[in-house]
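Here is a briefing for someone meeting this structure for the first time. Please look over the sequence and the model before reading on.

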Amino acid sequence: MGFSSAAVGGRVSAQHEALAARQEAELRLVDAMRRCLAAKVRADRDYATALQAAAAAHAAKADDLPADSLVAKAWRAMMEEMEAAAKTLRQNAEVVESQSLEALNNIYAEKRRARKQYMEDYNKIVSQFSQLMEEVSRKKTEYHKYLELYKLMRSRFEEHYVKAGRGGRKLDEVRDKFQKACRRLHATHNEYVLLLAAAAEAERALRHLLLPAAGRRARAAHLALLPAWRHALRAAAPAPAPALQAALDALDDAGREYDEFAADPARSSPQGPATPTLSFDDSLVEDTSGKLLPNQLAVDNLTIESLRARLQELEAGVRDNQELQHHLTAQLPSEPAARELVEAQCVERRLQRQLEMIRGALSELGCEELPSGCDLSLSLSVEAAFRQPPAANGAAATAADVDGAAPTPHEAPSTPTQGGERRTSESTFALVRQQLVQSTQPGGRPLQEEEWFHGVLPRDEVVRLLTHEGDFLVRETVRHDESQVVLSVCWGGHHKHFIVQTTADGSFRFEGPAFPTVQELIQYQQQSQLPVTARSGAVLTRAVYRERWELNNDDVVLVEQIGRGNFGDVHRGKLRKTGMEVAVKTCRMTVPEEHRRKFLQEGRILKQYNHPNIVRLIGICVQKQPIMIVMELVPGGSLLKFLRSHEDGLTQRQLLGMCRDTAAGMSYLESHNCIHRDLAARNCLIGQNNIVKISDFGMSREEEEYIVSDGMKQIPIKWTAPEALNFGKYTSLCDVWSYGILIWEIFSRGGVPYNGMSNSQAREKIDNGYRMPKPDGTPDEMYRLMLSCWEYKPEKRPHFDQILTVVETLYGAAR
Ligand code: ADP
């Protein structure tokens, strides 16, 4: 028939085929009627002619008898009768020809037209549906493509992550690509889910609306012809026998025979199986770590914006469609308007179905913080595989850096621009924040002072603190310049994050009752043991308090700027409570989230160490912006500056003391599997009695071996061992190489290593065996130590404990 009825549901096509077959059969019957009646007309005419001829030929024979012959008279009368019968036959034939046959010809033509119309209707429905199915298949192919890309990017990311730890430009690039692939995949997933829903709705509409409408039109055409049909048959049988009469009378009900075609096929019989193409292909989501689910829209930070945009688009589409329907209804009963109206209704159903899905998915989110679509938490599993055994308590877990995790919009900083412009003014932001964070219980203390309030501690850090079912804490995030208070709970082996909702009258709630303060809300949740949201089922059991490192920003007073770091200024400050002098590294508010995590990494590494030659961490301030790292104040500042400014006044013993201090600090770090990666005079600090403390752990890694692939950009080439430069392989023995340069810096009193050489020249010369000469006045033993630190093969270099023994002996012997 030139169209694909296989594309539509089985029952739909059965109904269509029954109607099409009936129309065909009716056409054949009308044609048969025409032929039969034409034959009858011919036969009647022939018969009439024959009768008339017979009568004419034989009537004259009666004239041979006397005029009063009764027999002749009877014969003549009989012949007249025959002639009359012939005449009637001829007249009847005339009527049949002019009325019945004519009518049947018309009926035939009309029936053909009706059949054509119906077929057109049906083909249109089928082709619209086929188009949708094609779209679904195309989308599925696209889905496959993006899934492959996603998998590729993910494995590349994992590969680099393992190789590079979590630093380096190249890693940033692969991470970026992975996130992009993830975003693309999630978008395609949602498009596929919506398209499937639209196609399923289209199939339903086809069955319930379009096909019955086409059937109704076919029935109307049939009904319109019934009177003509009846008339044609009656005219052909002027004096019907009782049985025929009854059959003709019954024709009045012939319209009913089309009722079944105008009915909804789903109502008349049970629903058949769904068209296979319309089922979600589950294999597509098998490898997406549960982030994507069959037939479910993914609502996360990657998709939320596009879903909202789509929602608006659909709403506009529905509005336009309803207007069109309104307009068409006014034109009824016009046939084309009726036709278009049904089509518009079908389109509306499709749009509404997609709308419902998106609305449902968005509202399911409730007050849960937007999940991260591509939280690179897979990095954690990689991390786990490559790390030292973790500390027993997750809260005090190793100071693994978190910059691998994707920033989510809700945690994004306040979208600073180059010029430091903000979308809302600082003051509005501060006001909103004040209402939220400083919400104070009558007679109680501000939220900030609650032990379980962790300020702007990044989400990844928070997750490390919540280790048992029901563990919870409260924190603050900033999204689009809006401060939000978030409750984080460990539940069902995952971490759930709920945004505290603010009601119109300024109260706070989740799904249940509202309270005037966040504290009361949390108290209610904990005491009632009711789930925070029905969907999550999360119940609060144990509040996780701030670690002793988590200071209040207000506990620290900044006194004066003493330096400038990578992320912000360094200040001399004081602890409000004890008056203790401290150094405070601040992180500019405009620093992106990713870098904020890097900034905190130094704090996280330092908090585990306690050694006189390692700068001590006092705490981190994450209660609010700007976040800060508070350290012991090492009053002399940078060792490099100190060496340069005291060039002449430093004795051999003092210099050896510096070498000993740094060796002691490094030996301690080595025993803790910490690779500093940036040991240099500029990163050491000098304190009272010329004690040297190792500082600047921004590049440190807690691994025995740490591999970097690319991202050599910020690497201090002249301080870095050849195997790290050439193969990206870092061990404590690389720090030993740097230590050699550091003691060279000490003995040259702040000299510039490989002076006059560019980085690459220095690198090349070292590969060719060049080593810096002994600075003036350096003891031979110390120069020998330098040279041993600069052994090309790392395994030939001494370890820090050996170095310490050598330097201590020399120091002890020096006067
Ligand atoms: P970054 O690692 O962000 O570059 P640094 O650690 O190099 O920051 O600090 C920059 C400067 O701030 C140092 O050179 C030093 O002068 C000063 N500084 C840093 N930490 C301290 C401290 N604990 N005590 C005294 N001064 C410090």
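Predicted model: local features only at pLDDT ≥ 70, side-chain atom pairs only at ≥ 80, totals over all residues.

Residues are numbered from 1 along each chain as its sequence is written, and side-chain values use heavy atoms, leaving out hydrogens and water.

**Ligand site**

- The ligand is surrounded by 16 residues, and N566, K585, E632, V634 and D696 are the closest. A residue counts as near a molecule if one of its heavy atoms lies within 4 Å of it.
- A polar backbone atom of N566 sits 2.7 Å from an oxygen atom of the ligand.
- For K585, an N or O atom of the side chain is 2.7 Å from a ligand oxygen atom.
- D696 places a polar side-chain atom 2.7 Å from an oxygen atom of the ligand. Polar contacts are pairs of N or O atoms within 3.5 Å.
- The protein buries 88% of the 550 Å² that the ligand exposes when taken alone. Such areas come from the Shrake-Rupley method with a 1.4 Å probe.
- Strands β8 (556-564), β10 (581-586) and β12 (628-632) each supply at least two residues of the shell around the ligand. Of the shell, β8 gives the most, with three residues. Strands (E, at least two residues) and helices (H or I, at least four) are DSSP runs, numbered from the N terminus.
- By class, the shell has eight nonpolar, four polar and four charged residues. Ala, Val, Leu, Ile, Met, Phe, Trp, Tyr, Cys and Pro count as nonpolar, Asp, Glu, Lys and Arg as charged, and the others, Gly among them, as polar.

**Helix pair**

- Helix α17 (residues 732-747) packs with helix α20 (residues 800-813) at an angle of about 30 degrees, their axes 10 Å apart. Axes are lines fitted to C-alpha atoms over the stretch in contact, and angles run from 0 to 180 degrees between N-to-C directions.
- α17 is therefore roughly parallel to α20, a term for angles under 35 degrees.
- S732, D735, V736 and Y739 of α17 meet F800, I803 and V807 of α20. Contact means heavy atoms within 4.5 Å.
- This contact has five nonpolar, one polar and one charged residues.

**Backbone details**

- L332 and P333 are joined by a cis peptide bond, with omega about 5 degrees. P333 lies in the loop between α7 (304-330) and α8 (335-365).
- Q625 and P626 are joined by a cis peptide bond, with omega about -5 degrees.
- N690 is not a glycine, yet has a positive phi of about 60 degrees.

Note on methods:
Polar contact = N/O pair within 3.5 Å; in protein donor to acceptor, adjacent residues only side chain to side chain. Parallel < 35°, antiparallel > 145°, perpendicular 65-115°, else oblique.
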